[in-house]
Amino acid sequence: MIESTMSASRHWDQEADVVVVGYGGAGAAVAITAHDEGSTVLILEKLPADTPTITRHTPNTRMSAGAWISATDETGAASHFEAMAKLAHETLDEERKEVIRVLAHNLNENEPWMRKLGMEWVDSGPLVELDYPELPGSEFLIVHHAKPSGAWRGGPAIFKKLTENVVQRGITVCWETPALKLIYEAGEVRGVLCVNAGKQISIKARKAVVLTCGGFEFNPWMKENYLRAAPVYFRGNRANTGDGITMALQVGAALWHMNCTSWRAVLKTEDLAFAFPQEPASDVIVDKRGSRFANEKYRGHAFGYDLIGFNSGTLKYPQIPCYWIFDNQRIKIGALAEIYAHCNPPGGVSGPDFYEWSKDNEAELDKGWILKANTLGELARIIANDPDNEGMMTSEVLEETVNKYNQYCRTGNDPEFGRPKDTLVPFSEAPFYAVKLWPGSTSTQGGPKRNTKCQVLRPDNSPIPRLYSAGELGSFWGMLTENGAGLGEAFVSGRIAGANSVLESRWG
Ligand SMILES: Cc1cc2nc3c(=O)[nH]c(=O)nc-3n(C[C@H](O)[C@H](O)[C@H](O)COP(=O)(O)OP(=O)(O)OC[C@H]3O[C@@H](n4cnc5c(N)ncnc54)[C@H](O)[C@@H]3O)c2cc1C
């Protein structure tokens, strides 16, 4: 553990009661809560502020689709989360049950809190959009979306409202000020060392530091060492590089949920640093040989787990990459990926990570991101020539797969993978297309372990004095998450961390 001995002589450049590291949804919730409880708050943010024409501050919260979950009955919601944990073979001891109970209780508070901030939303209705509607307690959960206002929708609409609340309260945000290290003195966290305008500066936290600096989506070493497969490509904030994990480890934190992420299949090209999530679709997804391996109408936050099996007999990952295969009917429907990737900033204001997918997919066909052939046999040969396929796909297997699938469409029954009848749309029109898919995600969940007060814990479960965390950095969620759980938790844990951090007495 790094302990500074400079306590008496240290020069503090700035100070506040509560110092929040990272300005996303969780950071905003901490800041608003701590401010409203009477504490002074300073937010440190790694990214620069937007300019009038460019979106530069792109926390995951702002890039998100903007679905957030709340609970209408905490006991019912807790039974749902316990059922999910059981499916994932998680240990449901008293500690875990308490985490679930606190999550469920506070998800119940999400609606009044959002209302207080002036947020308006639309409900998707009971059971709609849930990943696990068949599990007990699903009727007590509800997924909300920010009510679109002009061009503002999804994550940008939510983050706009959070930002307005931060600004109204006069909370200072230090832009382009990445936190480097926690200042740990006399057995407690007393501040943050960060960089501003090329200079290292020390920020004193009189009561507490709250880490809300997101996950490790763009830290290649952490991804390879902690996630269950490689590669895993992310669409998310490129500034989320696991800094909070490193800082927390340096002061003795335990880690949890490092191998958990809500993931699916994504399109990833060489040209762009980020990936495009694929929507569960009415086409087929095949492995490297050309065979289907799952229900393609998959659960949006768990399909990544279907992709990762390593075959120790063949010494291959048969589903990394896999291939989305479809016909001309599908391509005519419209864009294969969300048109406005990254932050869908209203008014066409875009940042450097922005890509606008063409409505007719022609631009992406020209770039070679979508493969095209007049027959399935020819498509299989093109795929087999791709080095990532290792020559595994054959015309025979792909043709047989599509023939069988078309047969299932005719009978309305998919005996292999149980795909819902209304999603069984046959291949009927050449040409045929393929898109390479990888395990991918929007956000990681691992990080420092926290208790139900959002205090960061050591391996012996004792809290590290004056250190809190919130949001996706060390998320409460384990292997399985519900739709809207990332934002739902960012608000919940942000409020909890904010409320508890202000209860600390001021040091010195
Ligand atoms: C494309 C996409 C779609 C999604 N859709 C949904 C959805 O519909 N529903 C849902 O529930 N969840 C969704 N999620 C997940 C959800 O957005 C996240 O779980 C949630 O927003 C996490 O909030 P956060 O505040 O913890 O992290 P973030 O919002 O990512 O904020 C972290 C902040 O910390 C900053 N930071 C990083 N390092 C440092 C440092 N060293 N010093 C200072 N600042 C630092 C970052 O720049 C960033 O601003 C989506 C995510 C993405 C990317």
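A: Start with a definition: buried means under 20% relative accessible area, exposed over 50%, and partly exposed in between, with a 1.4 Å probe and protein chains only. The model is predicted: local features need pLDDT of at least 70, side-chain atom pairs count only at pLDDT 80 or more, and totals for chains, interfaces and linings use all residues. Residues are numbered from 1 along each chain as its sequence is written, and side-chain values use heavy atoms, without hydrogens and water.

Q: Why is His 257 called buried?

A: Its relative accessibility is 15%. The cut-off is under 20%. Therefore His 257 counts as buried.

Q: Where is His 257 found?

A: His 257 sits in the loop between strand 11 (255–256) and strand 12 (261–267). Helices (H or I, at least four residues) and strands (E, at least two) are DSSP runs, numbered from the N terminus.

Q: What is noted about phi of His 257?

A: Phi is near 55°, a positive value, and His 257 is not glycine. Most residues other than glycine have a negative phi.

Q: Why does Asn 361 count as buried?

A: Its relative accessibility is 0%. That falls under 20%, so Asn 361 counts as buried. Phi of Asn 361 is also positive, near 65°. This residue lies in the loop between strand 17 (355–356) and helix 11 (362–367).

Q: Which omega goes with the cis peptide bond from Ala 230 to Pro 231?

A: Omega is near -5°. Pro 231 lies in the loop between helix 7 (220–226) and strand 10 (233–234). The bond from Ala 430 to Pro 431 is cis too, with omega near 0°. Most peptide bonds are trans.
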